[in-house]
Amino acid sequence: MVICLLFNMFLRPPVLLKHGLFMGGDAWFLNSNEESLGFILADPGFDVWVGNVQGTRWSHRHVSLSEKDKDYWDWSWEELALYDLAEMINYVYSATNSKIYFVRHSQGTIMALAAFTQPSIVKMAGAATLLSPILYLEHITAWLVLWIVSMHLD
């Protein structure tokens, strides 16, 4: 216990990484150790946490739904922010008892902006780096993305 407490005194704060649209949390670790933010933060001692949301390959172990079920895909951006992200933040805060630093990209940025409207979430935040917020897909020119959007999966 004493060793654990002494060790925790030297740890840097928790950082919660959240991926962008059409990505998963593993995106923070795909490059080399010197080029992947997850490793760059973990190496000097930051307590790195990675969040994945519904729809990523990491979420395919739902307790009652299969990714083939329509109900599995019945969620909104607001729900991702106010329920899923809020639960991730509560979990990390409960485990670390420390303010959380956030790095978000794309979809993760929009979720953070929505979640930060909740005073209880803001109280758990140390700081946030919000990259490339995405609101609309109108400017996208990649044919595959346009095709997926045209399917109106929502």
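Buried means under 20% relative accessible area, exposed over 50%, and partly exposed in between, with a 1.4 Å probe and protein chains only. By that rule, N97 is exposed because its relative accessibility is 63%.

## Model and conventions

This is a predicted model: local features need pLDDT of at least 70, side-chain atom pairs count only at pLDDT 80 or more, and totals for chains, interfaces and linings use all residues. Residues are numbered from 1 along each chain as its sequence is written, and side-chain values use heavy atoms, with hydrogens and water left out.

## Overall layout

The chain has 6 helices and 4 strands. Helices (H or I, at least four residues) and strands (E, at least two) are DSSP runs, numbered from the N terminus. Along the sequence the pattern is α-β-α-β-α-β-α-α-β-α.

Of the 154 residues, 29% count as buried. The chain exposes about 10,300 Å², and carbon and sulfur atoms supply 60% of that area. Accessible areas come from the Shrake-Rupley method with a 1.4 Å probe; for residues, only the protein chains shown count as cover. Contact means heavy atoms within 4.5 Å. Among contacts in the chain with a separation of 6 or more, 70% join residues 24 or more positions apart.

## The sheet

Strands of a sheet pair through backbone hydrogen bonds, either parallel or antiparallel. Here, 4 strands form an open sheet in the order β2-β1-β3-β4, with parallel pairing. Two strands pair if DSSP finds at least two bridges between them. β2 (47-51) and β4 stand at the edges with a single partner strand each, so one side of each has no neighbour in the sheet. Neighbouring strands are turned by 20 degrees against each other on average, direction ignored.

Strand β1 (residues 14-18) runs parallel to β3 and is joined to β3 by 4 bridges. L17 has V103 as its bridge partner in β3. On the other pairing, β3 and β4 (residues 125-131) are parallel over 6 bridges. R104 has L130 as its bridge partner in β4, and H105 stands opposite L131 in β4. Helix α4 packs on this sheet and touches β1, β3 and β4. The direction of α4 makes about 135 degrees with that of β3. Axes are lines fitted to C-alpha atoms, for helices over the stretch in contact, and angles run from 0 to 180 degrees between N-to-C directions.

## Nonpolar cores

A nonpolar core is a set of buried Ala, Val, Leu, Ile, Met, Phe, Trp, Tyr and Cys residues joined through side-chain atoms within 4.5 Å. The largest core has 16 residues. L16, L85, I89, I100, F102, M111 and I121 touch the most other members. Two or more residues each come from α3 (77-96), β3 (100-105) and α4 (107-115). The largest share, 7 residues, comes from α3.

Leaving aside neighbours within four places in sequence, M111 is in contact with K18, V53, L80, A81 and L85. A second, separate core holds 5 residues, including V15, L17, W28 and V103.

## Aromatic pairs

A pair of aromatic rings is described by the distance of the centres and the angle of the planes. Rings of Phe, Tyr and Trp (its six-membered ring) pair if their centres lie within 6.5 Å; planes under 30 degrees apart count as stacked, over 60 as edge-to-face and the rest as tilted. The structure holds 4 such pairs. In one of them, Y72 and W73 have ring centres 4.9 Å apart and planes at 80 degrees, so the pair is edge-to-face. Y72 is buried at 5% relative accessibility, whereas W73 is partly exposed at 37%.

F102 and F116 also pair edge-to-face, at 5.4 Å centre to centre with 70 degrees between the planes. F102 lies in β3 and F116 in the loop between α4 and α5 (119-122), so this pair ties together parts 14 residues apart in sequence. F102 is buried at 2% relative accessibility. F116 is partly exposed at 23%.

N97 lies in the loop between α3 and β3. N97 has a positive phi of about 55 degrees, although it is not a glycine.

Y83 lies in helix α3. Its relative accessibility is 57%, so Y83 counts as exposed. Y83 and A115 are 32 residues apart in sequence, yet 8.7 Å apart in space, C-alpha to C-alpha.
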